[in-house]
Amino acid sequence: MNFSDAELDRYARHLVLREVGGAGQAALKAARVVVVGAGGIGSPALQYLAAAGVGTLAVIDDDRVDASNLQRQTLFSDADIGRGKVDAAAAAITRINPFVTVECHAVRIDDANAAALLAGAQVVLDGCDNFATRLTVADTALAARVPLVSAAVGQFEGQLGVFRGWEPHLPCYRCFVGDDPARADASCADQGVLGALTGIMGSMAALEVMRAIVGFGDDPAGKLLVADLLAFRFRTLTLPKDPGCRCAG
């Protein structure tokens with residue numbers, strides 16, 4: 001894949017990385033990544049995926065920017081309050097990197113439209129705040145055999161995992177959380193969340209999307225990264241495949 005002089009300048013720090021280089025940057029440029037949720041996780045993730053040169057970013061979110069979002073959703077500003085998040089995100093992404101194509105989907109993803117919305121994705125990043133939606137996204141990604149990067153935050157804690165449950169020894173998202181879609185959601189509005197925590201977890205989610213595309217370093221699938229910012233601690237847990245899960249056949 002050819003790069004313009006402007007792109008070579010923009011991506012120079014990637015190109016000199018042995019683990020990325022020209023081939024890795026070309027893979028990023030050719031990739032289509034679906035980001036579910038342009039909120040606390042999605043906002044910083046979109047910033048870094050755009051800056052990294054991911055060729056196509058499909059953003060799914062039916063919400064509008066609220067003043068209470070601005071404490072952590074750094075993709076937006078006061079001027080965006082009341083605007084649809086996908087439209088505001090698209091404008092911000094274009095300012096960050098005009099070489100990126102943005103697909104705007106101002107809809108709530110559900111069982112009826114998930115397959116169409118995720119079609120053609122190389123990686124899906126789920127940063128939504130609704131458990132039932134997370135299950136829908138995870139099931140659809142599993143059925144399509146698309147790697148799922150899933151991140152979540154609450155108060156001072158965050159979680160990040162990469163799921164490829166169609167592989168024989170790797171868990172799917174349901175192996176981790178179970179099958180109960182009626183689980184109560186703990187919202188940021190109810191419990192609060194440290195703004196910088198969403199930046200950390202969203203940025204790390206973007207890194208795992210890039211790793212899934214380029215293939216650098218160790219494979220994180222089958223592990224869960226847990227961040228406890230009150231204790232200044234990160235832990236990595238191994239997630240087993242549930243032999244009773246649907247992904248195990």
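Leaving aside its neighbours within four places in sequence, which residues is Ser-150 in contact with? Please describe the surroundings as well.

Modeller: The model is a predicted one. Ser-150 sits in strand E5, which covers residues 148-154. Apart from neighbours within four places in sequence, Ser-150 is in contact with Asp-126, Arg-134, Gln-159, Leu-160, Gly-161, Phe-163 and Tyr-173. With Arg-134 there is a polar contact between the side chains, at 3.0 Å. Ser-150 has a relative accessible area of 6%, so it counts as buried.

Phe-163 and Tyr-173, both in contact with Ser-150, are among the residues that line the largest cavity. A search of the whole structure turns up one cavity of 30 Å³ or more, and the volume of the largest cavity is about 50 Å³. Its lining also includes Ala-138, Ala-141, Leu-142, Val-146 and Leu-148, together with Arg-164, Gly-165, Trp-166 and Cys-172. Helix H7, residues 131-144, supplies the largest share of that lining, with three residues. By class, the lining divides into nine nonpolar residues, one polar and one charged. A search of this kind has a simple basis: rolling a probe the size of a water molecule over the atoms shows where empty space is left.

The loop between H7 and E5 holds Arg-145. Arg-145 is not a glycine, yet its phi is positive, about 55°.

The structure holds zero of them. For Cys-172, the nearest cysteine sulfur is that of Cys-245, 3.4 Å away, and Cys-172 is in no disulfide. Cys-172 has a relative accessibility of 5% and therefore counts as buried. For Cys-175, the closest cysteine sulfur belongs to Cys-247 at 3.6 Å, which is too far for a bond, because a disulfide needs the two sulfur atoms within 2.5 Å. Cys-175 also counts as buried, at 16% relative accessibility.

Next comes an open space. The second largest pocket has a volume of about 200 Å³. It is lined by 14 residues, of which Glu-208, Pro-220, Lys-223, Leu-225 and Thr-236 are the closest to its centre. Strand E6 (157-163), helix H10 (195-214) and strand E7 (223-228) are the elements that each give two or more residues to this lining. H10 gives the most, four residues. The classes here are seven nonpolar, two polar and five charged residues.

Beyond E7, the loop between E7 and strand E8 (233-238) holds Phe-232. Phe-232 is another residue other than glycine with a positive phi, near 55°. At 78% relative accessibility, Phe-232 counts as exposed.

Finally, a helix elsewhere in the sequence. Helix H4, residues 42-52, is mostly covered, with eight of its 11 residues buried. Those buried residues are Gly-42, Ser-43, Pro-44, Ala-45, Leu-46, Leu-49, Ala-50 and Ala-52. Gly-53 follows H4, and its phi is positive, near 90°.

Conventions. Residues are numbered from 1 along each chain as its sequence is written. This is a predicted model: local features need pLDDT of at least 70, side-chain atom pairs count only at pLDDT 80 or more; totals for chains, interfaces and linings use all residues. Side-chain values use heavy atoms; hydrogens and water are left out. On a 1 Å grid over the protein atoms alone, a cavity is a set of points where a 1.4 Å probe fits but cannot get out, and a pocket is an open set with protein on both sides within 12 Å along at least five of seven lines; lining residues have an atom within 4 Å of a point. Grid points are joined across faces, edges and corners, and a volume is the space filled by probe spheres set on the points. Ala, Val, Leu, Ile, Met, Phe, Trp, Tyr, Cys and Pro count as nonpolar, Asp, Glu, Lys and Arg as charged, and the others, Gly among them, as polar. Buried means under 20% relative accessible area, exposed over 50%, partly exposed in between (1.4 Å probe, protein chains only). A polar contact is a pair of N or O atoms within 3.5 Å; within protein, one must be able to donate a hydrogen and the other to accept it, and residues adjacent in sequence count only if both atoms are side-chain atoms. Contact means heavy atoms within 4.5 Å.
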